[in-house]
Amino acid sequence: RIGRADHPALLGRPKKDMHVVGAFGFLALTFCQFLSSWGLSVVTGASIATTVARLASEPSEASEASDAIEEEEAPACPEIDSANFNAISHGMRELAEASFLAGGKGLLLLAGEQKAGSTELFQILTQHPQLYSAGKKELHFWDSNNVVDDCRLQRYLAMFPEAIPEGSRYVDGTPNVLCDPLAAQNTAKLFPSSLRVVASIRDPIDRAFADWDMHRRLGAELRSFNEAVMQELPFAKECAEMEDSYFQNLQNSSALDEIEADFYTKCRIALGHRCVYGHGPHASPACKGYLAKGLAAIQVKIWRRHHGDDAVTVVKSEDYFATSSAPDSNAALVNFSAPIFEFLGLEPLSAVEKVASDCNCSHDFDLGRDNMADELSREVRQEMQNFFGTTMKRLFEMSGLAWSGW
């Protein structure tokens, strides 16, 4: 994550710096995994925050000249005080209100899930003349490891067009924010009434397989799907227990705050390093969120707690996938998108252009399921059905939407 060139903490840094930063992050991660295999712990949340802040504010000697040029266009944000990491100031609220609330404007987050058709949904919704993007889908500003302060908020806002018509909305299509309690909390402080959230939810077993397949194709996953699921399952069950506790304490605000903090730490930012496979220098994270990211009920409930039930809607990604095989795909897309535009207070489109997706088999609904049938054993499927059964029941009760087989 630190090596992402579009990470808000690193905006404005030359690309050659990104290779240095990325290499540093990879070597540090490998070293820490090696020490972890011997029972040692060397990384803390504060040290991560301090490291991101230092990397964002201290240019390398090799790029001093090009940094000087870029600083004329976008001065570097000040170093972050790790004690106030992600703190929300009064000035930030005023800035957000002036940028997003003036003229009845607002922000739309296509918050998730990952591998649930959010790319296609973004391309469909941004065909509306009152929805404006920053020119790309995923901005990765609200993710847990990102920095939220006055300077970086200004840079985030500057990504969007300066002037849009009254009643229009800006669109940020970063799907991972759905499973991020901190993002829900921060956006609620900045946009207490103007934010709208669309959560695109997919059958959790299909979503987990698509996530695994993406990692496999990127060379970041060498295990079989069965092996990956079973190695994550004991840790993901802890996250499912947090969901149970969350729904049992809906009238206890302090308990909900504690559960959100625990979920954020154990099931979001630190999940990948709580379990490893391999040994010594060859150890790699075993928990990639294939299961934890599919606990949609607690994720949707957290966002509704902070923004209100009317500000968060749930969409079935299977309904979008079905439009591609409909006899009249244009009419199917119009019907699919109409309730979303109504939720946003916008007039529906009379015609929706079929998107030219660059997705592969993990996004192709039928082909993805055919491939999964060859990879998923009956025993592991049963384990996944048992694991996701309760969260899917809760999701049905919250949204009124039913997924086949659940």
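How far is the sulfur of Cys179 from the closest cysteine sulfur, and in which residue does that sulfur lie? The distance is 9.8 Å, to the sulfur of Cys267, which is too far for a bond. A disulfide is taken here as a pair of cysteine sulfur atoms within 2.5 Å.

The model is predicted: local features need pLDDT of at least 70, side-chain atom pairs count only at pLDDT 80 or more, and totals for chains, interfaces and linings use all residues. Residues are numbered from 1 along each chain as its sequence is written, and side-chain values use heavy atoms, with hydrogens and water left out.

**Cysteines**

By the sulfur distance rule, the count comes to one disulfide. It joins Cys239 and Cys267, whose sulfur atoms are 2.1 Å apart. Cys239 belongs to helix α9 (residues 225-248) and Cys267 to helix α10 (residues 253-269), so the bond ties together parts that lie 28 residues apart in sequence. Helices are DSSP runs of H or I with at least four residues, strands are runs of E with at least two, and both are numbered from the N terminus. The torsion about the S-S bond of Cys239 and Cys267 is about -110°, and the disulfide is therefore left-handed.

Burial is assigned from relative accessible area, with buried meaning under 20%, exposed over 50% and partly exposed in between (1.4 Å probe, protein chains only). Cys239 is buried at 0%, and Cys267 is buried at 7%. Cys179 is likewise buried, with a relative accessible area of 9%.

**The sheet and its helices**

Five strands form an open sheet in the order β2-β3-β1-β4-β7, with parallel pairing; two strands pair if DSSP finds at least two bridges between them. The edges are β2 (131-133) and β7 (312-316), each of which pairs on one side only. On average, neighbouring strands of the sheet are turned by 30° against each other, direction ignored. β2 pairs with β3 (residues 169-172) in the parallel sense over three bridges, and Ser133 stands opposite Val171 in β3.

Two helices lie across this sheet. Helix α13 (residues 329-343) lies across β2, β4 and β7, at about 175° to β7. Axes are lines fitted to C-alpha atoms, for helices over the stretch in contact, and angles run from 0 to 180 degrees between N-to-C directions; contact means heavy atoms within 4.5 Å.

**Salt bridges**

A salt bridge requires a side-chain nitrogen of Lys or Arg within 4 Å of a carboxyl oxygen of Asp or Glu. The count under this rule comes to 13 salt bridges, among them the following pairs.

| Pair | N to O distance |
|---|---|
| Lys137 and Glu138 | 2.8 Å |
| Lys293 and Asp211 | 3.8 Å |
| Arg394 and Asp244 | 3.0 Å |

In the pair of Lys137 and Glu138, Lys137 is buried at 11% relative accessibility, whereas Glu138 is partly exposed at 28%.

The salt bridge of Lys293 with Asp211 links distant parts of the chain, 82 residues apart: Lys293 is in the loop between β6 (284-285) and α11 (296-307), and Asp211 is in helix α8 (residues 204-217). Lys293 is buried at 17%, and Asp211 is buried at 0%.

For the bridge between Arg394 and Asp244, Arg394 lies in helix α15 (residues 378-399) and Asp244 in helix α9, so the pair ties together parts 150 residues apart in sequence. Arg394 is buried at 15%, while Asp244 is partly exposed at 27%. Salt bridges that share partners also join Asp143, Asp180 and Arg268 into one network.
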